[in-house]
Structure formats: C-alpha cells, structure tokens
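This briefing is meant for a reader who is meeting the structure for the first time.

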Amino acid sequence: MIIVVGIGADGWDGLPGPVREQVERAAVVLGGRRQVDLVPAIQGQRRETWPSPLRKGLAALLATLEGQDVVALASGDPLVSGIATTLIDAVGADQVKVIPAVSSVALARAAMGWPAESHATVSVVGRDVSLVRRELAPGRRILVLSSDETTPDAVADLLCRDGYGDSIVTVLGDLGSPDETSSTSAATERRGPYSRLNIVAIEATGPAAYASWTAGLPDEVFEHDGQLTKRDLRASALARLAPVPGEHLWDVGAGAGSIGIEWMRAHPTCTTTAVEADPERTERIGRNAARLGVPGLEVVEGRAPEALAALRTPDAIFVGGGASRPGVIETCLDALRAQGRIVVHGVTLETEQVLARLYEEHGGELTRISVESAGPVGTFTGWTPGRAVTQWAYAKGS
C-alpha cells in the first residue's frame, strides 16, 4: 500500500498531527525534491525523489519498495493533475490511499470568487499550453494549472496570438501560504517574474471563430492543400462516428486532420491517431491540432494498411482516403472493437464500387451527399455544386 499525502503551500506544519505521524513512521518517503525537503530528517528513513522521465522509471523504483511502508508526498490534492493518478495507473486503486490537502483549484476559486460550475479547468502540467485553446470563447472563465513560472507568459502569448489579448489574466502564486500573491492585467500587458507554484485565471475576451464544439468548423480554420473533408461532409461523418468520452479514433488518410481534430474537440478525453502518408501533411496535421486546442493528437506517417498494424485498438474509424487500396477496409474492420463505428468516404467510381460491396455484405448506411453553394454567376447568383461523396457508415456487430 502506498499512502499519498497532499501538502499545501503552508508546508509540513500545515499537515494535521496524525498525518505527520504517518509520514514519520514510513520506511520510505517518495516525492519531488521540494516536498521531500519539507519533512524533518528521520533516522533510518529512506528518501527517494521521482525518477525522470517519471513513467519510464517508476516501475523500477516501485519494484525496490515491495513489502515496505511507503508514503508519497504531493502538492495539494494528489488527484488533481497529481502523482496519485500515475500511481493508481501503475499499481491499481486498491494499492493507493490518498490523503488530500485543499487543492490549488479550490484555493484559486476562492481567491477569484468563481463558483465551480462557472469555469473550466485546464492542466498544462508537463503539457502543451495549446490545450487552453479548446476552452477559449467570449466570456469564458478558465483556470490553468501551470507547469512552472514560465506558464503565465506562455498562456498570455497564446491569447494574444489568437485575438484574445484583451482577456483579463490573473496569476495566483503560492496559494495557501503566507507568501501568496495575485496580479491582474490584460494578456497584452502580462509579463513575469512569477512564483514557480502558480495558477492562471483567464476571463476571456475574443472572437468566437473556434469556440464551438459542434462538428463542422469553418473550412478556413484548417490549414490545408485541398485534401480536406469539407464542413458539411465532416459534420455528417462525425454525426455517425458519434464521439463518446474516452474513446479512440483512427483517422485514416487524414489529409489536414480535420475529422480527428473535431473528434478530440468533442470531449477532453477523446483521442485520435491520424494516419497520413504524405510528410508535409503530417506536419500540417500537427499544426492544425495545436491551433485548435488538441495538441495531443497522435500523427503516424505511413500508408494504410501497413501503418495500422501496431496502433491502439479503435472505437471508431474514419477512412477519408485510400479505401480502394487492397486490405485497408479489411484491416480496419478487423481492428474495430465490437459496436465500434466506421465511416468511409469515396469520390471515385472505384471506391464507390468498394462501398457498394461493403453495404451489400455488412449492411449499415450508404448515402450519397452532394452539396451546392451559392456564388456569383456574372451579375447574378447561382449554385456551384461540389463533388458528390459516397458515404458508408456501419456499426460493427449491429
């Protein structure tokens, strides 16, 4: 059993007496250097700091601790972007007991006077600050859990680049300690230095261009070379892919990555692997993902079906290109979990023939989608048709 103890900014003296005694009795104390140094020296007690990189070295460290009383120290609530989550993943919830302190999020809410339901919380601890972009919308309140003292300026720079420079940014430092600080300004005026332990509170002011989580963002928000699933077709595909929290998508023949990006924007726990053979497009997918607030999207450079071999099992698959290549659809259907969804788009006669055969063999839904847009015809206005797309949608096992 590993006991994870949260320590607030008031340090060792802020812990209740029984919790301090539990730490003092432990054979082994783990933690970051700052937390470990807070504990008075105890003769015979083993002290270890977390390995770096953490996940890679954690198993080896834990293997040396079997059968011993272990206490792990953490900041605030260890289950808020904390070490307790990592330990539970490593050894199981039944082997971890958590004794939390007041979380930094709760302290920040109190400092700002923000009810829990009135704001979003985004952790960029060890992560890309682009994650903030998914939450940006006019009037939105956001608490950003910082990685270190560089985070507030990185967040302010992001806001300015995205047209949110007028947003009010408050940096809350060393919350809960006698030395806690608070400074407020517009993002355009924000500059350090800051405490290493800080939270950034944002009151957002800016454009609504990327704010919607409904499928079908405007085409112009994606950088592309023409290989883009257009807005109306994208909305149709995602309606049938039906993103569910925690589920994983394969975006095969990803082009600009728009389907996988909008899948991940549907919920913070949705994940995507985008497979694309063209190296320029793989780089472009990464840029689009960061720009639209989902920098964690995984991009695999390679051609299906070979590139699909070692990927994580998908809950849903979109095939936007390459459906007529031998083995692509078969590999996708084999990999798809039971009740998983697949959507395939085709614009050529050859791909239409493949989709007709799949519909005959498996059922599902076969749809032909043609979109026309109004545009100038001389001095008048007329309809300009886009290329018709055949769409096959199928739920495995249905």
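In which crossing, right-handed or left-handed, does helix 7 pass helix 8? Helix 7 passes helix 8 in a right-handed crossing, where a crossing is called left-handed if the near helix is turned anticlockwise from the far one by less than a right angle, and right-handed if clockwise. This is a predicted model, in which local features need pLDDT of at least 70 and side-chain atom pairs count only at pLDDT 80 or more, while totals for chains, interfaces and linings use all residues. Residues are numbered from 1 along each chain as its sequence is written, and side-chain values use heavy atoms, with hydrogens and water left out.

**Overall picture**

- The protein chain has 11 helices and 19 strands; helices (H or I, at least four residues) and strands (E, at least two) are DSSP runs, numbered from the N terminus.
- Along its principal axes, the C-alpha trace of the protein chain spans about 80 × 55 × 35 Å.
- Of the 398 residues in the protein chain, 46% are buried, where buried means under 20% relative accessible area, exposed means over 50%, and partly exposed lies in between (1.4 Å probe, protein chains only).
- Among contacts (heavy atoms within 4.5 Å) in the protein chain between residues at least 6 apart in sequence, 63% join residues at least 24 apart.

- Five strands form an open sheet in the order 3-2-4-1-5, and the pairing is parallel; two strands pair if DSSP finds at least two bridges between them.
- Strand 3 and strand 5 stand at the edges with a single partner strand each, so one side of each has no neighbour in the sheet.
- From one strand to the next, the twist averages 20°.
- Strand 1 is joined to strand 4 (residues 70–75) by six bridges, and the two run parallel; within this pairing, Val4 stands opposite Ala72.
- Strand 1 also pairs in the parallel sense with strand 5 (residues 96–99), over four bridges, and here the bridge partner of Val4 is Val98, while Ile2 stands opposite Val96.

- Ile99, which lies in strand 5, is buried at a relative accessible area of 18%.
- When its neighbours within four places in sequence are left aside, Ile99 is in contact with Ile3, Val4, Val5, Gly6, Val19 and Gln22.

- In helix 3 (residues 54–63), Leu58, Leu61 and Leu62 are buried, and they cover an arc of only 90° around the axis, which puts them on the same side of helix 3; the arc is that of the directions from the helix axis to the C-beta atoms.
- Lys56, Ala59, Ala60 and Ala63, on the other side of helix 3, are exposed.
- The cover over the buried residues of helix 3 includes strand 1, strand 2 (28–31), strand 3 (46–49) and helix 4 (83–91).
- The axes of helix 3 and helix 4 come within 11 Å and cross at roughly 60°, which makes helix 3 oblique to helix 4.
- Axes are lines fitted to C-alpha atoms, for helices over the stretch in contact, and angles run from 0 to 180 degrees between N-to-C directions; those under 35 degrees count as roughly parallel, over 145 as roughly antiparallel, 65 to 115 as roughly perpendicular and the rest as oblique.

**Helix 7 and helix 8**

- Helix 7 (residues 231–241) and helix 8 (residues 258–265) pack at an angle of about 55°, their axes being 10 Å apart, and this makes helix 7 oblique to helix 8.
- The contact is made by Arg234, Ala237, Leu238 and Leu241 of helix 7 together with Ser258, Ile259, Glu262 and Trp263 of helix 8.

**Backbone details**

- Most residues other than glycine have a negative phi, and most peptide bonds are trans.
- The peptide bond from Ser52 to Pro53 is cis, with omega near 0°, and Pro53 is found in the loop between strand 3 and helix 3.
- Ala242, although not a glycine, has a positive phi of about 55°; Ala242 is placed in the loop between helix 7 and strand 11 (248–252).
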